[in-house]
Amino acid sequence: MTMADDAPPSETPIQKALRLKKAAIAAKPQPPRGGKFQREQAAAAQSSAKSKPWMSR
């Protein structure tokens, strides 16, 4: 029995495709959240913001 077999009987083909697509995306390995790269990017944005006061919200 596959995931396609346990669909609700009133599901349209578009709903089935979307459900299968979401399942495929969820099954992929995700990159780790928050690491050296993110910290470096945040630090670079913070330091450049001081010299551009017109960029603040």
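Arginine 19 and glutamate 11 are joined by a salt bridge, and their closest N and O atoms sit 2.8 Å apart. Keep in mind that you are looking at a predicted model. The pair counts as a salt bridge because a side-chain nitrogen of Arg has to be within 4 Å of a carboxyl oxygen of Glu, and 2.8 Å is the separation of the closest N and O atoms here.

Now take each partner in turn. Is arginine 19 buried, exposed or partly exposed? Its relative accessible area is 26%, so arginine 19 is partly exposed.

Where does glutamate 11 lie? You will find glutamate 11 in the segment before α1, the helix that spans 13-27. The side chains of glutamate 11 and arginine 19 also make a polar contact, at 2.8 Å. Setting aside neighbours within four places in sequence, glutamate 11 is in contact with Lys16 as well as Arg19.

Finally, step back to the whole protein. It has two helices and zero strands. Of its 57 residues, 4% are buried. The accessible surface of the protein comes to about 5600 Å², and carbon and sulfur atoms account for 62% of that surface.

How values were computed: Residues numbered from 1 in each chain as written. Predicted model: local features only at pLDDT ≥ 70, side-chain atom pairs only at ≥ 80, totals over all residues. Heavy atoms only, no water. Buried < 20%, exposed > 50% of the residue type's maximum accessible area, 1.4 Å probe, protein only. Helix = DSSP H or I, 4+ residues; strand = E, 2+ residues; numbered from the N terminus. Polar contact = N/O pair within 3.5 Å; in protein donor to acceptor, adjacent residues only side chain to side chain. Contact = heavy atoms within 4.5 Å. Areas by Shrake-Rupley, 256 points an atom, 1.4 Å probe, with all protein chains shown as cover.
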